[in-house]
Amino acid sequence: MLLLIWIWDNIEKLSNIANVIIALLTLFLGLYVFFYQNKKDKKDKNIQLLKDLIITPKMEVIEKYFDEISSLRERIKSDSLNNNEKMELISFTKEQSSYIRRNFLIFIQKIAPLLHKNISDKIDFLTDNLTETLSNDEHKLCNKKTYEKLINQKILETHSFVLEEIFKYEG
């Protein structure tokens, strides 16, 4: 009987200790969730502001850039471009690149530096690729398949990449 009383007293003490430990863990977990959720909510709010105030209004700029750069098809008049025509097309390509920088990328440069870098690098890569393709005399750019492979496919890939980067951006 004395043994049962001793066991009961110890079980009661262990139960009290376990309750205190559970209460402390619950408090710690509650505080952790509270601060984590606050930080996440602030980040989500900032991302939403970026999208609402900059990206959504500037989607028109992005689409205009890709529409204009896609108009290269109509601007290429023959397979054998002279130097003036090449320079004109290359200049046009660079002007369009400058347009998207001035009217979109500059606005996200300080707010979303990683997004800016990714998009800027991809636009630079496209511009360099188009410049190289247009200046190469060996390409028969009036040929539909050649144009699709060397120019249009690169434009479409870049367009998809830019949209993907924007819509998957999480800060």
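Let's start at A112, which sits in the loop between helices α3 and α4. This is a predicted model, with a mean pLDDT of 87 for the protein and 96% of its residues reaching 70 or more.

- Confidence is lowest in α1, where the mean is 81.
- At the other end of the range, α4 has the highest confidence, with a mean of 95.

**A closer look at A112**
- With a relative accessibility of 0%, A112 counts as buried, because buried means under 20%.
- Setting aside neighbours within four places in sequence, A112 is in contact with L50 and Y169.
- A112 and Q153 are 41 residues apart along the chain, and their C-alpha atoms are separated by 28 Å.

**Where α3 meets α4**
- Two packed helices can be described by the angle between their axes and the distance between those axes.
- For α3 and α4, the angle is about 175° and the axes are 10 Å apart.
- α3 is therefore roughly antiparallel to α4, since angles over 145 degrees count that way.
- On the α3 side, the residues that meet α4 are K86, L89, I90, T93, K94, S97, I100, R101, F104, L105 and I108.
- Their partners in α4 are P113, L115, H116, I119, S120, I123, D124, T127, L130, T131, L134 and S135.
- Sorted by class, this contact has twelve nonpolar, seven polar and four charged residues.

- K86 belongs to helix α3, and its relative accessibility of 8% is why K86 counts as buried.
- Not counting residues up to four places away in sequence, K86 touches L81, L134, S135 and D137.
- S120 lies in helix α4 and counts as buried because its relative accessibility is 7%.
- Not counting residues up to four places away in sequence, S120 touches R101 and L105.

**Where α4 meets α5**
- Helix α4 spans residues 113-135 and helix α5 spans residues 144-168; the two pack at an angle of about 175°, with their axes 10 Å apart.
- That angle makes α4 roughly antiparallel to α5.
- From α4, the contact draws on L115, N118, I119, K122, I123, L126, N129, L130, T133 and L134.
- From α5, the contact draws on L150, I151, K154, I155, T158, F161, V162, E165 and I166.
- By class, the α4 and α5 contact has twelve nonpolar, four polar and three charged residues.

**The largest nonpolar core**
- This core has 36 residues, and those with the most contacts inside it are F66, F104 and I151.
- The elements giving two or more residues to the core are α1 (2-70), α3 (83-108), α4 and α5.
- Among these elements, α1 gives the most, with ten residues.
- Apart from neighbours within four places in sequence, I151 is in contact with L72, I76, L130, T133, L134, L141 and T146.

- D79 is in the loop between α2 (72-75) and α3, and at 32% relative accessibility D79 counts as partly exposed.
- Leaving aside neighbours within four places in sequence, D79 is in contact with H139, K140, L141, C142 and N143.
- D79 and L27 are 52 residues apart along the chain, with their C-alpha atoms separated by 74 Å.
- N136 is in the loop between α4 and α5, and N136 counts as partly exposed at 29% relative accessibility.
- From C-alpha to C-alpha, N136 and Q109 are 33 Å apart in space, and they are 27 residues apart in sequence.
- I7 has its place in helix α1 and is partly exposed, with a relative accessible area of 34%.
- I7 and N82 are 75 residues apart in sequence and 100 Å apart in space, from C-alpha to C-alpha.

How values were computed:
Residues are numbered from 1 along each chain as its sequence is written. This is a predicted model: local features need pLDDT of at least 70, side-chain atom pairs count only at pLDDT 80 or more; totals for chains, interfaces and linings use all residues. Side-chain values use heavy atoms; hydrogens and water are left out. Axes are lines fitted to C-alpha atoms, for helices over the stretch in contact, and angles run from 0 to 180 degrees between N-to-C directions. Helices (H or I, at least four residues) and strands (E, at least two) are DSSP runs, numbered from the N terminus. Angles under 35 degrees count as roughly parallel, over 145 as roughly antiparallel, 65 to 115 as roughly perpendicular and the rest as oblique. Contact means heavy atoms within 4.5 Å. Ala, Val, Leu, Ile, Met, Phe, Trp, Tyr, Cys and Pro count as nonpolar, Asp, Glu, Lys and Arg as charged, and the others, Gly among them, as polar. A nonpolar core is a set of buried Ala, Val, Leu, Ile, Met, Phe, Trp, Tyr and Cys residues joined through side-chain atoms within 4.5 Å. Buried means under 20% relative accessible area, exposed over 50%, partly exposed in between (1.4 Å probe, protein chains only). pLDDT is the predictor's confidence in each residue, from 0 to 100.
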